[in-house]
Amino acid sequence: MKPSRSALLSLGSALVLSATVALPSAAQAAPADGGAVVREWYDITAQTVAAAGAPTQVTNSRTWAISWIAAARAGREAPGGRDRGAFQDAAVASAVHDALVDLAPSRTAVLDAALAETLRRIPDGRAEDRGLAAGARQAKLALADRRGDGLDPASVNAPFTVPAAAPGVWQPTPDGYAPAAQYGNRVARPFLLDSPDQYRIGPPPALDSRRYRADLAEVRAYGAADSTVRTARQTETAAFWYGSSLTLYTEPLRVAVTRSHGSAAERAALVGLFHAALVDTQIATSDSKYAYTRWRPVTAIRTGAIAPDQTWTPLHQTPAHPDYPSGHNTYSGAAEVILDALAGPRTAPFALTSPTAPGVRRTYTSWEQLTRDNVDARIFSGIHTRSADEAGVTLGKAVGRHALHRAGALLAPLG
């Protein structure tokens, strides 16, 4: 008989990864078993975040990270032998379930039903019971460890005093002139970084430099709403990658997890480490953004000294935070490093869709291709300079490499 719901609630290192120890290549075919529970709870996590997520992306990344770090830690407790798989499956399901119930309580009934269905397929016995207990324990400890980390929506969007208008200085942008967002990220507690400014990038190009003049000319030409030089394919690229990075990378990470030959604990470690690195990347991004407060292209083009054009309009709405570095590209840089190391740099072709480009499907065979498209997309959207995009990739890759070197400590079981 399966444990009752009340029994489940009363139950009351990890896989060590480094830059030199990688999960099996995603280019290989997925095994026939060993990953069903991970794929199931991966999809449940995505559905939970979509249905009950926070309005701030980094908060939702935190939900992923806590849930799957707990799952990886719990799976590491599995004993050897024939029952190891049953233990790990139960541990992963239990840990992700309990963490999501705490972080998205409105989904409790759905999550309870999903856990019951998972447990129905796992053989009854000591391995299942011990896995459930391990998952519950690690979820509770992981949640406690991250309390008060400054990644709740109110803290993330802490008020920012806009500096006086001056050349190069960020100001709220049209059309909405919304107040600055994500200012509070810069003082949040990272998962792996020693401090938010650990990898702060160098300053952006000087306003009178050849590089900055070239940057602005490129955005002015290719990023205008009425551009006559941007091709249909480039417009499609801008639209495809305009949405949330968390949403756009959910499927690529699922591809890597699905095609892995690792155990349930190893696959959980890939998901947990990916999202911990991406939380830290978003923290580091805000640190650099608000250290330099570089104005956005629309402000530079409309008010700058280089042939100002007060009617210039970008293809897409400019996000409400400074230009340098590009957050989409810090995200893609970190994601590329993690996926290259843990899933291999290339994989069999996989198709992606985007909620901001309905009906469009793009096919990729490497994680680097996603990064390249992100760099170009923000220019074609008219919302970032190439310098900001390339600096974002550099910062993201630095944080990603740091995460790989610190993974062992992150994934060691608590308690």
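**Figure 1. The overall fold of the protein chain, seen through its radius of gyration.** In this predicted model, the protein chain has a radius of gyration of 22 Å, which agrees with the value near 22 Å that a compact globule of 415 residues would have. Along its principal axes, the C-alpha trace spans about 75 × 40 × 40 Å.

**Figure 2. The surface and the charges of the protein chain.** The accessible surface comes to about 16200 Å², and 54% of it belongs to carbon and sulfur atoms. Of the 415 residues, 57% count as buried. There are 42 positive and 37 negative side chains, with the centres of the two sets 1 Å apart.

**Figure 3. A close look at the largest nonpolar core.** This core has 88 residues, and Trp41 and Trp68 are those with the most contacts inside it. Helix H12 (residues 264–292) gives the largest share, 12 residues. Apart from this core lies another one of 10 residues, including Tyr212, Ala224, Ala300 and Trp312.

**Figure 4. Trp68 and the residues around it.** Leaving out residues up to four places away in sequence, Trp68 touches Val38, Trp41, Tyr42, Thr45, Val92, Val96, Ala268, Val271 and Gly272.

**Figure 5. Ser61 in helix H3.** Ser61 lies in helix H3, which covers residues 57–76. Its relative accessible area is 0%, so Ser61 is buried. Beyond its neighbours within four places in sequence, Ser61 is in contact with Leu246, His275, Val279 and Gln282.

How values were computed
Residues numbered from 1 in each chain as written. Predicted model: local features only at pLDDT ≥ 70, side-chain atom pairs only at ≥ 80, totals over all residues. Heavy atoms only, no water. Helix = DSSP H or I, 4+ residues; strand = E, 2+ residues; numbered from the N terminus. Buried < 20%, exposed > 50% of the residue type's maximum accessible area, 1.4 Å probe, protein only. Contact = heavy atoms within 4.5 Å. Rg over C-alpha atoms; globule rule 2.2 N^0.38 Å. Areas by Shrake-Rupley, 256 points an atom, 1.4 Å probe, with all protein chains shown as cover. Lys, Arg positive; Asp, Glu negative; His and termini not counted. Charge placed at Lys NZ, Arg CZ, Asp CG, Glu CD. Core = buried A, V, L, I, M, F, W, Y, C linked by side-chain atoms within 4.5 Å.
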